[in-house]
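Here's a quick tour of a protein fold, written for someone just starting out. Keep the 3D view open and follow along.

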Amino acid sequence: MILFHTPNSRSLRPLWLLEEMGLEFELKTIGYDAEYFASDAYREINPMGKVPAFYDDDHLVLESTVILEYILAKHGPSPLSVAPEEGDFGHYLTWLHMAESGLSHYLAVYLGQMMGIDKYAVSEGFEAYVKFQAEKAFEMLNDHLSARSFIAAERFSAADISVGYSLFLANAICRLPVPDRVQAYFERLQDRPAWKKAVSVK
């Protein structure tokens, strides 16, 4: 297995999972370089010109949350997944994917706007909409965590990895405030040795 990774990017999700599972893999770390990612050389690795790109033998898998599901399905079983017969399966799938579609997606636009990147430039109205969507997700997560320590099945899972990266993007990179319960949850996630190892890769 080979994972193409850029520090602080969404590739932290599969890197964190691989470390949690103790699987053997090759890590190819690439500093952010828009020109290189747009080059023919990198598009031979990932036609979308992004990270992560994950290879399992000759099989290319893209999109960070899809890579999580792929690794668990192909290289499990693992307690980091939640099975359909478990009561929290719906919560597990919801947050595994909503962490990206309902949170990181908006945060990436906000970050690009904050950094003044032309291709991410949006109107003030759309910037307010992006922040509003992120705040709604934070509120939903805060409510969800009112009676639980983890997203699903009373244990740490890939859904927590997916959400944990989104909170890292929001809190550590975008510097957006999150509700107190969410902040406490994020701090618990950051105590995990596999997270510390993954985020330390430069």
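His5 sits opposite Thr29 in strand S2. What you're looking at is a predicted model, where local features need pLDDT of at least 70 and side-chain atom pairs count only at pLDDT 80 or more, while totals for chains, interfaces and linings use all residues. Residues are numbered from 1 along each chain as its sequence is written, and side-chain values use heavy atoms, with hydrogens and water left out.

**The sheet**
- Strand S1 (residues 2–5) pairs with S2 in the parallel sense over four bridges; two strands count as paired if DSSP finds at least two bridges between them.
- Helices (H or I, at least four residues) and strands (E, at least two) are DSSP runs, numbered from the N terminus.
- Zooming out, four strands make an open sheet in the order S2-S1-S3-S4, with mixed pairing.
- The edges are S2 (26–29) and S4 (59–62), each pairing on one side only.
- Neighbouring strands are turned by 20° against each other on average, ignoring direction; axes are lines fitted to C-alpha atoms, for helices over the stretch in contact, and angles run from 0 to 180 degrees between N-to-C directions.

**The hairpin**
- S3 and S4 pair in the antiparallel sense over four bridges, and Phe54 has Val61 in S4 as its bridge partner.
- Two residues lie between S3 and S4 in this hairpin, and Asp57 in the turn has a positive phi of about 60°.

**Helices on the sheet**
- Helix H1 (residues 12–21) lies across S1, S2 and S3 (53–56), running at about 140° to S1.
- Helix H4 (residues 64–75) lies across S3 and S4, at about 135° to S4.
- Why does the span of H4 agree with expectation? At 1.5 Å a residue, its twelve residues should span 16 Å, and its end C-alpha atoms are 16 Å apart; the expected span is 1.5 Å times one less than the number of residues.
- Buried residues in H4 include Leu68, Tyr70 and Ile71, where buried means under 20% relative accessible area (1.4 Å probe, protein chains only).

**The whole protein**
- The protein has nine helices and four strands.
- Buried residues make up 46% of its 202 residues.
- Among contacts (heavy atoms within 4.5 Å) between residues at least 6 apart in sequence, 67% join residues at least 24 apart.
- Along its principal axes, the C-alpha trace spans about 50 × 45 × 25 Å.

Methods:
Buried < 20%, exposed > 50% of the residue type's maximum accessible area, 1.4 Å probe, protein only.
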